[in-house]
Amino acid sequence: MSLSDDLLSWPDAVSLMAAQTGVVMLVGATDVGKTTLTLEAANAAVRAGRRVAVLDTDLGQGEVGPPGTLGLVRLEGPVATLAELKPRALAFVGDCAPVGHLLAVVQGTHRLVGHALERGDETVFVDTSGLVSGRLAEKLKLAKLEVLQPSLGVVVQRAREGERLAALLAGAGAAPVVRVQSPKEVGRKSPVYRRVQRANRMRRHLEGARLLDLDASQVRGVDTWLYTGTALPARQLQFLAEALKTPIPHGEATPDGVFLCTARRPHPAGLPVLQEEFGKRRVGFTPLSAFHNLLVGLVGPGGHLADIGLLQGVNFERALFSVLTPARGGAEIGQLLFGRLRVRPDGSEIARLRPSDL
């Protein structure tokens, strides 16, 4: 792979990208104009008569699909914004940032690009997230490069912040990598603005949502310990609740350890009881609140994401997941993907959970 020595002008970059077939991968920090460049090139390619798709992989500030997802759209003609297009397919990550979810991001990117190419799209523009600095960013972008095998890599940079990443991408694949100067007029968005935008997108997506009860014996939870092991008996839960000074409505012994759902933070004085009860096995605690307003993905036949929703709670006595979702009918839902972002139905964010919390 070769790396251009000179920065391309914006019009030259649009022309080069619009002339490509296959996958065009765009990389750059936040607020450098990646989405604008993607849109201009996609519109130019559509005007040239090609079948064009755009994959938006920005989990927090993307224009396609709700926050926490990757979204794929096809352009039937030039558009003013990608937001006006209905997603052809979504992939669930369950958080507004890729940190802690690299595997889900790469898998989702690979799957959606494959979806576009299998359905005859000639050019697929992949607009990646603004994470470009540090080892985590390099691992993520190199992994995407590996699975996408693009015909062209495009690095948009304001100054020299993308130099190292551009060189890494150029040395890791077969396609050329070009660098593009970000326009000076591109403005920076504040964290407050970004948070409000995410909230608005989530609220709009959940308009008309209704509660759907899903049977845990029929719908398998993914990326959670819940209903993956053997439930602890009620007498044992009561004993542990007394020692830890908090109600424990549910607990399980799983292949990964023992996990307890607690109503309050466990009292430290009771922790030695856990070692007596479970020996050296790992013991994890999940607060009951983690199962309220938790972003989840509903997976239907063929592993396709049917929709997203907010887990409103778990009925442990009846083993039911209660999900607020725009999805209609739960008969075909086979999996419930647990995210790590808690969001109110109005779109406002409550908290981000750690991967180990569930």
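Leaving aside its neighbours within four places in sequence, with which residues is Arg201 in contact? Arg201 is in contact with Gly60, Gln61, Gly62, Val64, Gly65, Pro66 and Pro67, where contact means heavy atoms within 4.5 Å. The model is predicted, so local features need pLDDT of at least 70 and side-chain atom pairs count only at pLDDT 80 or more, while totals for chains, interfaces and linings use all residues. Residues are numbered from 1 along each chain as its sequence is written, and side-chain values use heavy atoms, with hydrogens and water left out.

**Arg201**
- Arg201 belongs to helix H6 (residues 191-206); helices (H or I, at least four residues) and strands (E, at least two) are DSSP runs, numbered from the N terminus.
- A polar atom of the Arg201 side chain lies 2.9 Å from the backbone oxygen of Gly62.

**Helices H4 and H5**
- Helix H4 (residues 135-148) packs against helix H5 (residues 163-172) at an angle of about 30 degrees, and their axes are 10 Å apart. Axes are lines fitted to C-alpha atoms, for helices over the stretch in contact, and angles run from 0 to 180 degrees between N-to-C directions.
- H4 contributes Glu138, Lys141, Leu142 and Leu145 to this contact, and H5 contributes Arg164, Leu165, Leu168, Leu169 and Ala172.

**Positive phi values**
- Most residues other than glycine have a negative phi.
- Asp223, which is not a glycine, has a positive phi of about 65 degrees, and it is found in the loop between strand S10 (220-222) and strand S11 (230-231).
- Lys245 also is not a glycine and has a positive phi, near 60 degrees; its place is in the loop between helix H7 (234-244) and strand S12 (250-254).

Technical notes
A polar contact is a pair of N or O atoms within 3.5 Å; within protein, one must be able to donate a hydrogen and the other to accept it, and residues adjacent in sequence count only if both atoms are side-chain atoms.
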